[in-house]
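Please read the following points alongside the sequence and the model.

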Amino acid sequence: MTNSWEMKVMIRILRKISNWYFSKGALPYWIILVIDLVIVMASAYVGAYFVWGGGGVTNRFWSLFRGMFVAEVFYLLIFRYLHTYTGVIRFSTLKDIAVVLLSNLLGAAVTYLLGRIFHALGWHYVQLLSLKGCVALFFFCSIAMSCLRVVVKLVYDGYIRDDKARRVFIYGVKDGGAAIASSLMNEHPQRFCVSGFVSPDGSYESKWLMGVQVRRVGPNLVKHMRDEHANILVVSPNREDEFRANAELVDTMIQSGIKIMMFTGVSDWDENSQLNNPVLREVDIEELLPREKIEVDLDTIGQMLKNKCIMITGAAGSIGSEIVRQVATFGPSKLVLVDQAETPMHDILLMMNNQFSYLNSVVMVTSITNKTHMEQLFRQHRPEYVFHAAAYKHVPMMEDNPAVAVQNNVYGTRVVADLAVKYGAKKFVMVSTDKAVNPTNVMGCSKRICEIYCQSLNKAIVEGQCPIELAEGLDKPCTQFVTTRFGNVLGSNGSVIPIFKEQIKKGGPVTVTHPDIIRFFMLIPEACRLVLEAGTMGMGGEIFVFDMGEPVRIADLAKRMIKLSGAQNIEIKFTGLRHGEKLYEEVLNEKEQTKETHHPKIRIANVREYEYAEALRNEERLLAESFTHDDMAIVKIMKEIVPEYKSQSSKYEVLDGKTEDR
């Protein structure tokens, strides 16, 4: 009982001492220096004992003390020059140990030379070690100083850090995992303690790395993490795609309450990489959807856009703002940014001032339907490339407001397209949607009409029958029209991701329109990179369609988001399809053929082409009808222009000969 009580007292005392030291920034430099100098003196006597024996050390004790006192002056200078005592001992690395070894080697060499000098001068009251003794001095000094640093580091790592830092496993070993672990261990203050590695292919299973064991992906992985009190899995950037593709592993981690963390702006780590301040953040659900990595030809895009005047409409929207960010990195001579949303455009202005202040940018709040103002912008800035992302996109809103869809989406596109031709833009890239394929709603049909107009205008230019009067100084039209189609982008304004997040935050229910509804998804940056790539490869008249990967069931997405949030008892409520909504989106019309391009994710749709005169006549008739705000009359004309437009879950089904069941 007494021994147990004494042991508890000793542990308590050691804990207080440790907490006192580790609560400080570091020991004062002079204390570290004094400890090192004491080690030098003690090592000299240990070395002398091996050379002279006990009697020799006794007889020469004070003469050796005086000699080492002089030698330590030089040790002090060496320590000062190599900064052996100015580092924080508990964050020592192999580099610090190497500096200690070099310092002791130089110190031992100086000690030997001083001894030869003292002997030559006949100063017998000052004595130093022989060559053998100096070798022993170097050896014992190095061991003692290195052990001091290692022990302090181990105590901190194993005793103090574990109490404060969050324990993590790292997914990936040689392919970036070791570099991540090294960086996390050297953080100050330390946020994470590495408790294990995960070898995806099992090649390093049961091996030890950096003092912790390597596990493999399998049914016992969560148990191993629980045993080590680790509730975070850090995924190596080199293994992110593989990790996302393993849906079973992702679901297991989420269901077990394991947080998944990835890096921002980091890629291609190896075992020799080092990062001083890893930017780790807990992943959003969209980052866990399995998808193939999308590569684009950045060099070609850069050559096309560098030192060019670029106009981007819808610049404040989800797609438009990301196009702004990506285009800005290529060094255009000027960016002309257009949107009618005042507050989001103010955010764009702040972004340009903060991140791209070196660029000449014009941030303009206006509507693409304001032909007078838009022409003034084209006349003044003469953009060479136009990325047209402005559009009303929300299906239920446009279903209830077809006149607005026509005036903004259809007429607005015609205004910008005509001005691009008139003022000599080289390329016009229109952002369309998969909802334009076999449209079932007003929004999708309006975008299909935009596609028809742009393609017919390009055809007229190619055939030498340009219908647009050119601005003064232009001999012939040169604009190439390119259309890009893709599906939903994750995290965009009004998309399901932010809606689900808000519903989960409020405790539910999470609303899904139908248990079987599926959608294609792509991250905003990926979609915009493909838009830029398509704009580069397009020669005019193409409608590019993007490979959106595998479709995602919205109900499954909602379930995964609920699990990822850690929230309990969140109900999923099915509300029924909204007006104009269909269970699945099509990327291509079933009658359309596609042609390959050099990019595996981009194909060209062969669609029915219209003569420009017919396309213009249809648009003018539709625009005139839009000002009546007679929804049925407007949609009737839209269906005449796009015969494949068949309404679904909408009041306009009667125009297709259907009777609504409401």
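The points below go from the whole chain to individual residues.

1. Basis of the note. This is a predicted model, in which local features need pLDDT of at least 70, side-chain atom pairs count only at pLDDT 80 or more, and totals for chains, interfaces and linings use all residues. Residues are numbered from 1 along each chain as its sequence is written, and side-chain values use heavy atoms, with hydrogens and water left out.

2. Overall composition. The protein has 21 helices and 22 strands; these are DSSP runs numbered from the N terminus, helices being H or I of at least four residues and strands E of at least two. Of its 662 residues, 51% count as buried (buried is under 20% relative accessible area, exposed over 50%, partly exposed in between, with a 1.4 Å probe and protein chains only).

3. Contacts along the chain. Among contacts between residues at least 6 apart in sequence, 76% join residues at least 24 apart; contact means heavy atoms within 4.5 Å.

4. Val429. This residue belongs to strand E12 (residues 427–431) and, at 2% relative accessibility, Val429 counts as buried. Beyond its neighbours within four places in sequence, Val429 contacts Val386, Phe387, His388, Val482, Thr484, Val531 and Gly535. The C-alpha atoms of Val429 and Thr536 are 9.5 Å apart, although 107 residues separate the two along the chain.

5. Aromatic pairs. Rings of Phe, Tyr and Trp (its six-membered ring) pair if their centres lie within 6.5 Å; planes under 30 degrees apart count as stacked, over 60 as edge-to-face and the rest as tilted. The count by this rule is 12 aromatic pairs. One of them, Phe50 with Phe140, is stacked, at 5.5 Å centre to centre and 25 degrees between the planes. Phe50 lies in helix H2 (residues 29–59) and Phe140 in helix H5 (residues 131–164), so the pair ties together parts 90 residues apart in sequence. Phe50 is exposed, at 54% relative accessible area, whereas Phe140 is partly exposed at 24%. Elsewhere, ring pairs link Tyr45, Phe61, Trp62 and Phe65 into a cluster.

6. Charges over rings. The criterion is NZ of Lys or CZ of Arg within 6 Å of the ring centre and within 35 degrees of the ring normal. The charged end of Arg60 sits over the ring of Trp52, 4.7 Å from its centre. For Lys639, the charged end sits over the ring of Tyr645, 3.8 Å from its centre.
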